[in-house]
Amino acid sequence: MASKKNKKAVEAQPTAIGEAVNRWEEFFENHKNTVFGIMIAIVVIIAGSMIYNAKVVVPRQTRASEALYPGEALFVNGDYETALNGDGASYEGFEAVAKQYGSTKAGKLAKLYAGICYAKLGNNEKAIELLSKFNGKDQMVGPSALGTLANCYAIAGDNAKAASTFESAAKKADNGLLSPYYYFQAALIYEAMEKPAQALNLYKTIKVKYPESAEGQQADKYIARLGGK
């Protein structure tokens, strides 16, 4: 659920922007287990891999993975505050893990988690700072980071960056789950920016490339709304 700060920001924006942000909230809740299950799998692989320099690198990777693990359960359960800042006892929090193990892959994932936590807690400035530095190559995790970053830009009122970042997320994902959703988000924002041609082009792209997706099945309605055929 969006924080009070997020809700106030959304209410102050044009209808299409608000729709885009609300759709992101719903999509995130419906698919976070799938997307971030991949992140957990990556951490497990890291922990079990003998990469190089077994006396230094692997133990550090393993420690980072172990430090990250408790926060993932908190994150999935929606306890973003504790996941981010720790429980004051055995778990330090995503941000602390990111600072301590920033050079490891698990540490980089901690930074991504921290950025998403900040976004969910309404601190878009900090979320943008962290998410803009993440460069994931995976077809689910990387685009999801970009999608969250785009949503932060939308809430902050930077619609041009929001739309272009959603498009980048869609292209990077190149799959039937994330791509149509992110293209749709970008199209809604282009509508709010009074750029109907760009929005119409994206709705048509969704209809042609991803007709079986939820967005593809709604595309005709939005195409008609813009006067397209």
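The chat below walks through a predicted model of a protein chain.

Colleague: What should I know before I start reading this one?
Modeller: This is a predicted model, in which local features need pLDDT of at least 70 and side-chain atom pairs count only at pLDDT 80 or more, while totals for chains, interfaces and linings use all residues. Residues are numbered from 1 along each chain as its sequence is written, and side-chain values use heavy atoms, with hydrogens and water left out.

Colleague: How many helices and strands does the protein chain have?
Modeller: The protein chain has 12 helices and zero strands, where helices (H or I, at least four residues) and strands (E, at least two) are DSSP runs numbered from the N terminus.

Colleague: And which residues of H11 are buried?
Modeller: Ala199, Leu200, Leu202, Tyr203 and Ile206 are buried in H11, buried being under 20% relative accessible area and exposed over 50%, with partly exposed in between (1.4 Å probe, protein chains only). They cover an arc of only 165 degrees around the axis, which puts them on the same side of H11; the arc is that of the directions from the helix axis to the C-beta atoms.

Colleague: What is on the face turned away from that buried side?
Modeller: That face of H11 carries the exposed residues Ala197 and Val208.

Colleague: What do the buried residues of H11 pack against?
Modeller: They pack against helix H9 (159-173), helix H10 (178-192) and helix H12 (214-225), with contact meaning heavy atoms within 4.5 Å.

Colleague: Switching topic, where is Leu68 found?
Modeller: Leu68 belongs to helix H3 (residues 57-76) and is buried, with a relative accessible area of 0%.
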